[in-house]
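User: I've got a structure open and would like to go through it with you. Can we take it question by question?

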Amino acid sequence: MTKPPRPPRSKPLLRDETAQLQSRPIRRRNPEQPALPFDPFPERVEPALCDLRQKPPADGKDWGWEVKWDGYRITVHSHQGRVAVMTRGGHDWAHRFPAIVEAVKALGPASMIIDGEAVVLDEQGRSDFNLLQSSLGAVGRRQGKEISPAIMYAFDLLYLDGHDLRRAEYSTRRHLLEDMLAGHEDGAIKISEEVEADPAALLEHACRLGLEGIVGKDRDSSHRPGKTGEWIKLKCVQSDSFMIVGYEASTGSRGGFSSLLLAAYRGDQLTYVGSVGTGFKERDSEQLRKTMDKLLWKRKAPPVLYAGKRSVTWLQPTLIAEIEYRAWTADGKLRHAAYKGLREQQDNADVFNLSSAEL
(Lines give C-alpha, C1' and ligand atoms only; values in the text may rest on other atoms or scores of the structure.)
Protein backbone atom coordinates (compact mmCIF):
# COMPACT_ATOMS: atom_id res chain seq x y z
CA MET A 1 0.00 0.00 0.00
CA THR A 2 1.47 3.35 -1.01
CA LYS A 3 1.61 6.28 1.44
CA PRO A 4 -0.38 9.42 0.60
CA PRO A 5 1.76 12.48 -0.35
CA ARG A 6 2.85 14.65 2.59
CA PRO A 7 1.20 18.06 2.84
CA PRO A 8 3.52 21.02 2.20
CA ARG A 9 5.32 22.28 5.33
CA SER A 10 4.51 25.89 4.48
CA LYS A 11 1.62 27.57 2.77
CA PRO A 12 2.13 28.56 -0.84
CA LEU A 13 3.02 32.20 -1.44
CA LEU A 14 -0.05 32.65 -3.63
CA ARG A 15 -3.25 30.72 -3.43
CA ASP A 16 -3.79 31.41 -7.09
CA GLU A 17 -0.49 31.23 -8.96
CA THR A 18 -2.02 33.09 -11.89
CA ALA A 19 -3.28 36.00 -9.79
CA GLN A 20 -1.53 39.40 -9.73
CA LEU A 21 0.80 40.17 -6.81
CA GLN A 22 -0.77 42.52 -4.28
CA SER A 23 0.51 44.11 -1.09
CA ARG A 24 -1.49 44.49 2.05
CA PRO A 25 -3.64 47.61 2.26
CA ILE A 26 -1.87 50.61 3.81
CA ARG A 27 -3.28 51.60 7.17
CA ARG A 28 -4.11 55.26 7.70
CA ARG A 29 -1.83 57.07 10.15
CA ASN A 30 -3.35 57.70 13.53
CA PRO A 31 -3.86 61.50 13.66
CA GLU A 32 -3.12 61.39 17.39
CA GLN A 33 0.44 60.31 16.62
CA PRO A 34 2.65 63.25 15.49
CA ALA A 35 4.56 63.03 12.23
CA LEU A 36 8.34 63.29 12.73
CA PRO A 37 9.99 64.19 9.41
CA PHE A 38 13.76 63.84 9.19
CA ASP A 39 15.85 66.99 8.83
CA PRO A 40 18.61 66.93 6.17
CA PHE A 41 22.12 66.44 7.52
CA PRO A 42 24.02 69.77 7.28
CA GLU A 43 27.31 69.60 5.40
CA ARG A 44 28.72 72.44 7.49
CA VAL A 45 27.68 74.29 10.64
CA GLU A 46 29.00 77.73 11.54
CA PRO A 47 29.86 77.83 15.26
CA ALA A 48 28.45 80.13 17.90
CA LEU A 49 31.23 82.40 19.18
CA CYS A 50 31.85 84.03 22.55
CA ASP A 51 31.76 87.77 23.19
CA LEU A 52 34.53 88.95 25.52
CA ARG A 53 33.23 90.55 28.72
CA GLN A 54 35.08 92.19 31.58
CA LYS A 55 32.65 90.99 34.27
CA PRO A 56 29.75 88.52 34.58
CA PRO A 57 26.36 89.77 33.33
CA ALA A 58 23.62 90.91 35.68
CA ASP A 59 20.74 90.52 33.21
CA GLY A 60 18.75 87.85 35.02
CA LYS A 61 19.31 85.21 32.33
CA ASP A 62 19.96 81.59 33.24
CA TRP A 63 23.65 81.10 32.43
CA GLY A 64 25.62 77.86 32.42
CA TRP A 65 29.34 78.25 33.26
CA GLU A 66 32.29 76.07 32.29
CA VAL A 67 36.06 76.22 31.81
CA LYS A 68 37.41 78.01 28.75
CA TRP A 69 39.52 75.49 26.82
CA ASP A 70 42.62 76.64 24.94
CA GLY A 71 42.77 74.73 21.66
CA TYR A 72 41.11 74.39 18.25
CA ARG A 73 37.36 74.78 17.84
CA ILE A 74 36.03 71.78 15.93
CA THR A 75 32.71 70.16 15.02
CA VAL A 76 32.56 66.38 14.67
CA HIS A 77 30.22 65.13 11.93
CA SER A 78 29.19 61.44 11.95
CA HIS A 79 26.87 60.41 9.11
CA GLN A 80 26.33 57.22 7.11
CA GLY A 81 29.41 55.56 8.57
CA ARG A 82 31.77 58.47 7.86
CA VAL A 83 33.34 60.70 10.53
CA ALA A 84 34.67 64.18 9.74
CA VAL A 85 36.43 66.54 12.16
CA MET A 86 35.77 70.00 10.75
CA THR A 87 37.73 73.16 11.55
CA ARG A 88 36.21 76.63 11.49
CA GLY A 89 37.73 77.04 8.04
CA GLY A 90 35.75 74.05 6.72
CA HIS A 91 38.69 71.62 6.50
CA ASP A 92 38.41 67.98 7.57
CA TRP A 93 41.12 67.09 10.11
CA ALA A 94 39.90 63.57 10.86
CA HIS A 95 43.30 62.19 9.79
CA ARG A 96 45.01 64.42 12.36
CA PHE A 97 42.76 63.52 15.31
CA PRO A 98 42.41 59.71 15.14
CA ALA A 99 41.63 59.34 18.85
CA ILE A 100 38.63 61.66 18.49
CA VAL A 101 37.42 59.76 15.41
CA GLU A 102 37.59 56.42 17.27
CA ALA A 103 35.71 57.92 20.20
CA VAL A 104 32.90 59.03 17.86
CA LYS A 105 32.64 55.56 16.35
CA ALA A 106 32.36 54.09 19.84
CA LEU A 107 29.21 56.16 20.41
CA GLY A 108 27.36 54.00 17.87
CA PRO A 109 25.92 54.37 14.39
CA ALA A 110 23.85 57.48 15.11
CA SER A 111 24.11 60.52 12.85
CA MET A 112 25.34 63.45 14.93
CA ILE A 113 27.15 66.78 14.98
CA ILE A 114 29.06 67.56 18.18
CA ASP A 115 30.55 70.99 18.87
CA GLY A 116 33.64 71.30 21.05
CA GLU A 117 37.34 72.07 21.42
CA ALA A 118 40.32 69.89 20.52
CA VAL A 119 42.96 70.20 23.24
CA VAL A 120 46.13 68.67 24.60
CA LEU A 121 46.40 68.67 28.40
CA ASP A 122 49.53 69.37 30.43
CA GLU A 123 50.60 67.41 33.52
CA GLN A 124 48.20 69.42 35.69
CA GLY A 125 45.26 68.68 33.41
CA ARG A 126 45.13 72.17 31.88
CA SER A 127 44.68 72.69 28.15
CA ASP A 128 47.92 73.96 26.58
CA PHE A 129 47.76 75.56 23.14
CA ASN A 130 51.53 75.28 22.68
CA LEU A 131 51.41 71.51 23.33
CA LEU A 132 48.58 71.17 20.82
CA GLN A 133 50.56 73.07 18.19
CA SER A 134 53.66 70.98 18.85
CA SER A 135 51.64 67.79 18.46
CA LEU A 136 50.45 69.00 15.06
CA GLY A 137 53.83 70.29 13.89
CA ALA A 138 52.13 73.58 13.10
CA VAL A 139 55.02 76.01 12.67
CA GLY A 140 55.27 75.81 8.92
CA ARG A 141 56.76 72.31 8.71
CA ARG A 142 54.84 69.20 7.67
CA GLN A 143 51.53 71.01 8.03
CA GLY A 144 48.55 68.74 7.52
CA LYS A 145 50.52 65.53 8.03
CA GLU A 146 50.97 65.28 11.79
CA ILE A 147 48.79 63.05 13.99
CA SER A 148 47.83 64.55 17.35
CA PRO A 149 46.90 62.75 20.58
CA ALA A 150 44.40 65.54 21.26
CA ILE A 151 41.09 64.88 22.96
CA MET A 152 37.84 66.77 22.54
CA TYR A 153 35.89 68.59 25.23
CA ALA A 154 32.32 68.64 23.90
CA PHE A 155 29.83 71.31 24.92
CA ASP A 156 27.02 71.28 22.34
CA LEU A 157 24.99 68.83 20.24
CA LEU A 158 23.63 70.30 17.01
CA TYR A 159 22.20 67.26 15.18
CA LEU A 160 21.12 63.80 16.30
CA ASP A 161 19.50 60.90 14.43
CA GLY A 162 17.74 62.87 11.72
CA HIS A 163 16.80 65.86 13.85
CA ASP A 164 18.38 69.31 13.57
CA LEU A 165 18.70 70.56 17.15
CA ARG A 166 19.87 74.09 16.42
CA ARG A 167 16.39 75.52 17.04
CA ALA A 168 16.17 73.82 20.45
CA GLU A 169 17.19 75.53 23.68
CA TYR A 170 20.81 75.11 24.74
CA SER A 171 19.73 73.39 27.96
CA THR A 172 17.93 70.73 25.88
CA ARG A 173 20.89 70.23 23.54
CA ARG A 174 23.20 70.01 26.53
CA HIS A 175 21.01 67.38 28.23
CA LEU A 176 20.98 65.23 25.10
CA LEU A 177 24.76 65.54 24.77
CA GLU A 178 25.36 64.48 28.37
CA ASP A 179 23.01 61.52 27.95
CA MET A 180 24.76 60.43 24.73
CA LEU A 181 28.26 60.61 26.27
CA ALA A 182 27.27 58.83 29.50
CA GLY A 183 29.29 55.63 29.89
CA HIS A 184 32.01 56.80 27.46
CA GLU A 185 34.03 58.88 29.93
CA ASP A 186 37.24 56.95 29.16
CA GLY A 187 37.18 57.90 25.46
CA ALA A 188 38.76 60.86 23.72
CA ILE A 189 35.48 62.82 23.76
CA LYS A 190 34.62 64.19 27.19
CA ILE A 191 31.86 66.48 28.36
CA SER A 192 32.89 70.02 29.22
CA GLU A 193 31.41 70.07 32.70
CA GLU A 194 29.11 72.87 33.79
CA VAL A 195 30.03 74.28 37.21
CA GLU A 196 27.32 75.51 39.56
CA ALA A 197 29.01 78.51 41.17
CA ASP A 198 29.00 82.28 41.28
CA PRO A 199 30.80 83.28 38.04
CA ALA A 200 32.97 85.90 39.73
CA ALA A 201 34.18 83.35 42.30
CA LEU A 202 34.58 80.74 39.56
CA LEU A 203 36.71 83.10 37.47
CA GLU A 204 38.93 83.88 40.46
CA HIS A 205 39.40 80.17 41.12
CA ALA A 206 40.16 79.48 37.45
CA CYS A 207 42.82 82.19 37.44
CA ARG A 208 44.47 80.74 40.57
CA LEU A 209 44.69 77.37 38.79
CA GLY A 210 46.38 78.93 35.77
CA LEU A 211 43.41 78.46 33.43
CA GLU A 212 42.62 80.87 30.62
CA GLY A 213 39.19 81.81 31.90
CA ILE A 214 35.54 80.73 31.91
CA VAL A 215 32.67 80.65 29.40
CA GLY A 216 29.01 81.41 30.03
CA LYS A 217 26.09 80.26 27.84
CA ASP A 218 22.48 81.36 27.93
CA ARG A 219 20.61 78.13 28.66
CA ASP A 220 17.47 79.39 26.90
CA SER A 221 19.17 80.31 23.63
CA SER A 222 18.95 78.50 20.30
CA HIS A 223 22.06 77.98 18.21
CA ARG A 224 22.99 81.10 16.26
CA PRO A 225 26.37 81.40 14.50
CA GLY A 226 28.81 84.20 15.25
CA LYS A 227 28.88 86.57 18.21
CA THR A 228 25.36 87.19 19.46
CA GLY A 229 25.95 87.85 23.16
CA GLU A 230 24.31 84.53 24.07
CA TRP A 231 27.73 82.97 24.64
CA ILE A 232 30.32 85.02 26.52
CA LYS A 233 33.85 84.58 27.87
CA LEU A 234 35.72 86.06 30.82
CA LYS A 235 39.49 85.75 30.71
CA CYS A 236 42.21 85.66 33.33
CA VAL A 237 44.84 86.66 30.79
CA GLN A 238 44.10 88.14 27.38
CA SER A 239 44.89 85.88 24.43
CA ASP A 240 44.06 86.79 20.84
CA SER A 241 45.21 86.23 17.27
CA PHE A 242 47.38 88.80 15.48
CA MET A 243 48.95 88.99 12.03
CA ILE A 244 52.74 88.69 11.80
CA VAL A 245 53.89 91.50 9.49
CA GLY A 246 57.64 91.44 10.10
CA TYR A 247 60.52 90.41 12.32
CA GLU A 248 63.58 92.00 13.81
CA ALA A 249 66.65 89.95 12.91
CA SER A 250 69.17 88.82 15.51
CA THR A 251 72.58 87.21 15.12
CA GLY A 252 72.76 86.21 18.75
CA SER A 253 69.90 83.71 18.77
CA ARG A 254 69.72 80.42 16.91
CA GLY A 255 66.18 81.25 15.82
CA GLY A 256 67.50 84.17 13.80
CA PHE A 257 65.10 86.85 15.11
CA SER A 258 64.66 88.74 18.35
CA SER A 259 61.01 89.73 17.99
CA LEU A 260 57.96 89.55 15.76
CA LEU A 261 56.06 92.64 14.66
CA LEU A 262 52.30 92.25 14.99
CA ALA A 263 49.25 93.86 13.45
CA ALA A 264 45.51 93.89 14.08
CA TYR A 265 42.68 95.08 11.91
CA ARG A 266 41.07 98.46 12.27
CA GLY A 267 38.06 97.96 10.05
CA ASP A 268 39.58 96.42 6.91
CA GLN A 269 43.07 97.89 7.35
CA LEU A 270 45.99 96.35 9.24
CA THR A 271 47.43 98.45 12.06
CA TYR A 272 50.73 97.91 13.87
CA VAL A 273 50.10 96.97 17.53
CA GLY A 274 53.61 96.25 18.82
CA SER A 275 55.99 93.32 18.97
CA VAL A 276 56.55 90.10 20.88
CA GLY A 277 59.96 88.77 21.88
CA THR A 278 59.24 86.07 24.46
CA GLY A 279 57.59 82.66 24.55
CA PHE A 280 59.57 81.08 21.71
CA LYS A 281 61.07 77.62 21.89
CA GLU A 282 64.38 77.22 20.09
CA ARG A 283 63.28 74.53 17.65
CA ASP A 284 60.04 76.34 16.80
CA SER A 285 61.94 79.60 16.30
CA GLU A 286 64.24 78.04 13.72
CA GLN A 287 61.31 76.59 11.77
CA LEU A 288 59.35 79.83 12.03
CA ARG A 289 62.28 81.84 10.62
CA LYS A 290 62.50 79.47 7.62
CA THR A 291 58.77 79.87 7.03
CA MET A 292 58.90 83.67 7.30
CA ASP A 293 61.78 83.93 4.85
CA LYS A 294 59.51 82.43 2.20
CA LEU A 295 57.02 85.28 2.72
CA LEU A 296 59.23 88.36 2.30
CA TRP A 297 57.46 91.62 1.45
CA LYS A 298 58.39 92.74 -2.07
CA ARG A 299 57.08 96.31 -2.05
CA LYS A 300 58.87 99.46 -0.99
CA ALA A 301 56.28 100.64 1.54
CA PRO A 302 55.78 98.27 4.51
CA PRO A 303 52.42 96.47 4.98
CA VAL A 304 51.59 98.72 7.98
CA LEU A 305 52.42 102.26 9.04
CA TYR A 306 55.53 102.06 11.21
CA ALA A 307 57.33 104.94 12.91
CA GLY A 308 59.94 102.87 14.77
CA LYS A 309 63.66 102.97 14.08
CA ARG A 310 64.44 99.26 14.30
CA SER A 311 65.69 97.34 11.30
CA VAL A 312 62.71 95.24 10.26
CA THR A 313 62.31 92.49 7.69
CA TRP A 314 58.77 92.97 6.44
CA LEU A 315 56.54 90.01 5.54
CA GLN A 316 53.44 89.33 3.57
CA PRO A 317 50.54 89.41 6.09
CA THR A 318 49.82 85.69 5.97
CA LEU A 319 50.91 84.08 9.26
CA ILE A 320 48.64 84.41 12.29
CA ALA A 321 50.11 84.11 15.80
CA GLU A 322 48.26 83.47 19.05
CA ILE A 323 49.55 86.05 21.54
CA GLU A 324 49.04 86.24 25.29
CA TYR A 325 49.19 89.73 26.81
CA ARG A 326 48.26 91.60 29.96
CA ALA A 327 46.83 94.88 28.69
CA TRP A 328 47.01 97.65 26.08
CA THR A 329 49.09 100.82 26.29
CA ALA A 330 47.50 104.25 25.88
CA ASP A 331 48.71 104.42 22.26
CA GLY A 332 47.21 101.03 21.32
CA LYS A 333 50.17 98.66 21.71
CA LEU A 334 50.26 95.26 23.40
CA ARG A 335 51.69 95.21 26.93
CA HIS A 336 53.70 92.21 28.26
CA ALA A 337 53.09 90.12 25.14
CA ALA A 338 54.20 86.47 24.89
CA TYR A 339 54.08 84.15 21.88
CA LYS A 340 51.90 81.04 22.30
CA GLY A 341 51.94 79.47 18.86
CA LEU A 342 51.14 79.83 15.20
CA ARG A 343 47.55 79.50 14.07
CA GLU A 344 47.00 77.37 11.00
CA GLN A 345 45.17 78.93 8.07
CA GLN A 346 42.75 75.99 8.01
CA ASP A 347 41.64 76.96 11.53
CA ASN A 348 40.26 80.24 10.11
CA ALA A 349 41.19 82.15 13.27
CA ASP A 350 39.80 85.67 13.67
CA VAL A 351 42.52 88.33 13.66
CA PHE A 352 41.92 90.86 16.45
CA ASN A 353 39.91 93.87 15.29
CA LEU A 354 40.49 97.17 17.10
CA SER A 355 37.22 98.62 15.81
CA SER A 356 35.11 96.19 17.87
CA ALA A 357 37.35 96.03 20.95
CA GLU A 358 37.06 97.88 24.23
CA LEU A 359 40.63 99.06 24.89
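Predicted model: local features only at pLDDT ≥ 70, side-chain atom pairs only at ≥ 80, totals over all residues.

User: Is H336 buried or exposed?
Analyst: The cut-off for exposed is over 50% relative accessible area. H336 has a relative accessibility of 60%, so H336 counts as exposed.

User: And what is the phi of H336?
Analyst: Most residues other than glycine have a negative phi. H336 is not a glycine, yet its phi is positive, at about 55 degrees.

User: D161 has a positive phi too. Is D161 buried, exposed or partly exposed?
Analyst: D161 is in the loop between strand 6 and strand 7 (163-164), with phi near 50 degrees. Buried means under 20% and exposed means over 50%. D161 comes out at 43% relative accessibility, so D161 is partly exposed.

User: Which residues is L160 in contact with, leaving aside neighbours within four places in sequence?
Analyst: L160 belongs to strand 6 (residues 151-160). With those neighbours left aside, the contacts of L160 are A110, S111, M112, L165 and M180.

User: How far apart in space are L160 and L176?
Analyst: In sequence, 16 residues separate L160 and L176. Going C-alpha to C-alpha, the distance between L160 and L176 is 8.9 Å.

User: Let's move to R88. Is R88 buried or exposed?
Analyst: R88 is in the loop between strand 4 (82-87) and helix 1 (98-106). Under 20% relative accessible area is what buried means. R88 has 19%, so R88 is buried.

User: What does the side chain of R88 make a polar contact with?
Analyst: Beyond four places in sequence, R88 touches R44, P47, L49, R73, Q346, D347, N348 and D350. One of these pairs is a polar contact between side chains, at 2.9 Å. The partner of R88 in that polar contact is D350.

User: R88 also lines the largest cavity. Which element gives the largest share of that lining?
Analyst: The largest cavity has a volume of about 90 Å³, and the whole structure has three cavities of 30 Å³ or more. Its lining includes R44, P47 and R73 along with R88, and divides into four nonpolar, four polar and four charged residues. Strand 3 and strand 4 each supply at least two of the lining residues. The largest share, four residues, comes from strand 3.

User: What about the largest pocket: which residues are the closest to its centre?
Analyst: The largest pocket holds about 1,200 Å³ of space. Its lining has 43 residues, of which 18 are nonpolar, seven polar and 18 charged. The closest to the centre are C50, K227, K233, K235 and D240.

User: Which strand gives the largest share of the lining of the largest pocket?
Analyst: Several strands give two or more residues to this lining, among them strand 9 (213-218), strand 10 (226-235) and strand 11 (238-249). The largest share is five residues, and the element that supplies them is strand 1.

User: How many charged residues are in the lining of the second largest pocket?
Analyst: The second largest pocket has a volume of about 340 Å³. It is lined by 15 residues, and D70, S127, G210, E212 and E324 are the closest to its centre. Four of the lining residues are nonpolar and three are polar, while the number of charged ones is eight.

User: Turning to helix 2, which of its residues are buried?
Analyst: Helix 2 (residues 129-136) is largely enclosed by the rest of the structure, because six of its eight residues are buried. The cover includes strand 3, strand 5 (112-119), helix 5 (282-292), strand 15 and strand 18. The buried residues are F129, N130, L132, Q133, S135 and L136.

User: Which residue caps the N-terminal end of helix 2?
Analyst: Look for a side-chain oxygen 2.9 Å from the backbone nitrogen of N130. That oxygen belongs to the capping residue, D128.

User: Last one: what share of the residues of the protein chain count as buried?
Analyst: The protein chain has five helices and 18 strands. Its accessible surface comes to about 20,600 Å², with 50% belonging to carbon and sulfur atoms. Of its 359 residues, the share that count as buried is 46%.

Note on methods
Residues numbered from 1 in each chain as written. Heavy atoms only, no water. 1 Å grid on protein atoms, 1.4 Å probe; cavity = no way out; pocket = protein on both sides within 12 Å on 5 of 7 lines; lining within 4 Å. Points joined across faces, edges and corners; volume = space filled by probe spheres on them. Nonpolar A, V, L, I, M, F, W, Y, C, P; charged D, E, K, R; others polar. Contact = heavy atoms within 4.5 Å. Buried < 20%, exposed > 50% of the residue type's maximum accessible area, 1.4 Å probe, protein only. Polar contact = N/O pair within 3.5 Å; in protein donor to acceptor, adjacent residues only side chain to side chain. Areas by Shrake-Rupley, 256 points an atom, 1.4 Å probe, with all protein chains shown as cover.
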